[in-house]
Amino acid sequence: MEQKIKILFFLNTSFIGGAENNVLDLAAFMDSERYEPCIAALEPGGPLLQYAQQKNIKTFDPKLSYYFFPGYLFRITRFLIKQKFDIIFLFGLKLRLILLPLSCLIRVPVRIAAIVGIDAWKNNIHLSIERILSKFTSFWVANSYVAKKRAINQERLPTKRVFVIYQGLVLTNGKTKNGSNIRYKRSSKFKIAVLANIQPGKGHSFFIEAIYPLLQDNDDIEIEFIGKDYSNGKIEAEIANFGLQDVIKLTGYLVNARNYISKFDLMILPSFAESFPTSIIESMLEKIPVISTKVGGIPELIKHGKTGWLISPGNEEELRSAILFLKDNPSKRLELAENAYNYANQRFDIKLVAKKYELLFEKFLDI
């Protein structure tokens with residue numbers, strides 16, 4: 001029997017976001033006859049490894065919370081030497097700083113760095129570190145063309161070794177349990193979801209300020225913020241300051257948010273910075289029309305007026321006008337949802353995405 005290719009997906013955090021969900025799906029849908037994936041997370045506290053185990057994916061926990069740096073570095077080194085991985089796929093600068101030189105030293109054949117964000121926070125020191133680490137990197141995979149362009153320009157990465165592979169999701173048949181096509185089963189309320197963890201850059205505060213005047217004349221709107229709240233109570237306080245406790249619900253993180261959003265009329269992502277948000281793809285595949293901002297890789301996902309609606313970041317009037325237009329035009333919402341569903345089905349099937357990764361891996365393994 002041919003020996004399987006062993007690949008380690010190593011992430012900075014065990015908390016769940018778009019990148020972490022994408023890794024879980026990718027590992028689960030790789031060819032099990034040829035690949036043996038394993039998932040590890042440096043920082044503990046989240047459910048990533050538990051979810052991986054539920055999918056029968058091998059895991060590794062360096063137990064960062066229990067040991068000082070030399071201790072967990074020793075545990076990682078011992079694990080890598082014992083397992084003899086063919087590929088190590090790293091997510092996050094902190095992790096690359098530790099693992100790229102180490103995996104090169106112990107001769108892991110293929111060492112991949114993920115580019116999953118615009119990384120506007122990086123200063124000259126960070127960029128210099130990235131350029132040094134590039135010497136230990138076999139190639140890079142970006143989740144959007146805008147992220148690739150940013151990395152090449154700022155970090156001076158070799159263009160021919162930076163590849164773009166869009167993230168994939170598990171497809172559904174776009175039907176309800178009774179087999180009919182999803183249509184807008186509407187209550188008396190117009191339901192809006194903001195599907196994103198509450199953290200800087202996602203635009204929740206802007207959204208609250210923008211939506212407030214609209215709610216004065218439209219008492220049939222209900223809103224839910226779906227995602228983990230990292231604001232330490234700030235967003236909840238802002239909702240209370242505007243007196244919107246009965247309108248905006250903090251739903252929190254949901255394991256199966258994609259299933260949950262099927263009851264909504266509209267999904268809004270008011271971000272100021274993004275690379276390639278999973279929440280938009282999830283909404284597309286659930287036939288929920290999307291309003292989002294013209295930032296990062298979002299225009300690679302949304303064609304304005306065809307597969308969604310784009311607004312300028314931070315423009316309150318544009319956001320209110322877009323909401324009112326789509327609220328008052330259910331036929332346009334349906335058109336956007338159907339177009340987006342077809343678009344997403346053709347491009348973001350996790351099975352096709354996994355195959356693209358496999359072909360890339362095998363190219364660099366020279367098999």
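1. Lysine 84 sits in the loop between helix H3 (69–83) and S4. Its phi is near 55 degrees, a positive value in a residue other than glycine. Lysine 84 is exposed, at 64% relative accessibility. Bear in mind throughout that this is a predicted model.

2. Asparagine 56 also deserves a look. Its phi is near 60 degrees, again positive in a residue other than glycine. Asparagine 56 belongs to the loop between helix H2 (48–54) and S3. With 73% relative accessibility, asparagine 56 is exposed.

3. Next, the charged pairs. Side chains of opposite charge can pair when their charged atoms come close. The model has 15 salt bridges. One of the groups is a network that links Glu316, Glu317 and Arg320.

4. Glutamate 36 and lysine 58 form a salt bridge, with 2.9 Å between the closest N and O atoms. Glutamate 36 is in strand S2 (residues 35–43) and lysine 58 is in strand S3 (residues 58–60), so the bridge ties together parts that are 22 residues apart in sequence. Glutamate 36 is partly exposed, with a relative accessible area of 21%. That value sits against a buried cut-off of under 20%. Lysine 58 is partly exposed too, at 47%.

5. Glutamate 222 pairs with lysine 191 in a salt bridge, the closest N and O atoms being 3.1 Å apart. The glutamate lies in strand S9 (residues 221–226) and the lysine in strand S8 (residues 190–195), so this contact ties together parts 31 residues apart in sequence. Glutamate 222 is partly exposed, at 28%.

6. Arginine 333 and aspartate 265 meet through their side chains in a salt bridge, 4.0 Å from N to O. The pair links distant parts of the chain, 68 residues apart. Arginine 333 is in helix H13 (residues 330–347), while aspartate 265 is in the loop between helix H9 (257–260) and strand S11 (266–269). Both residues are buried.

7. An α-helix has 3.6 residues a turn, so residues three or four places apart point the same way.

8. Is strand S5 (residues 110–115) enclosed or open? All of it is buried: 6 of the 6 residues, so S5 is largely enclosed by the rest of the structure. In a regular strand the side chains alternate between the two faces of the sheet. Here Val110, Ile112 and Ala114 point one way, and Arg111, Ala113 and Ile115 point the other way. Both sets are buried, Arg111 included.

9. S5 has a parallel partner. Strand S4 (residues 87–91) pairs with S5 in the parallel sense over 4 bridges. Leucine 90 stands opposite alanine 113 in S5.

10. Serine 103 lies in helix H4 (residues 93–105). At 0% relative accessibility, serine 103 is buried. Its side chain reaches the backbone oxygen of leucine 100 at 3.1 Å. Setting aside neighbours within four places in sequence, serine 103 contacts Ile88, Val108 and Arg111. Arg111 is one of the buried residues of S5.

11. Last, the cysteines. A disulfide is a covalent bond between the sulfur atoms of two cysteines. How many disulfides does the model have? The count is 0. Cysteine 38 is buried, with a relative accessible area of 4%. Cysteine 104 is partly exposed, at 28%.

Notes. Residues are numbered from 1 along each chain as its sequence is written. This is a predicted model: local features need pLDDT of at least 70, side-chain atom pairs count only at pLDDT 80 or more; totals for chains, interfaces and linings use all residues. Side-chain values use heavy atoms; hydrogens and water are left out. Helices (H or I, at least four residues) and strands (E, at least two) are DSSP runs, numbered from the N terminus. Buried means under 20% relative accessible area, exposed over 50%, partly exposed in between (1.4 Å probe, protein chains only). A disulfide is a pair of cysteine sulfur atoms within 2.5 Å. A polar contact is a pair of N or O atoms within 3.5 Å; within protein, one must be able to donate a hydrogen and the other to accept it, and residues adjacent in sequence count only if both atoms are side-chain atoms. Contact means heavy atoms within 4.5 Å. Two strands pair if DSSP finds at least two bridges between them.
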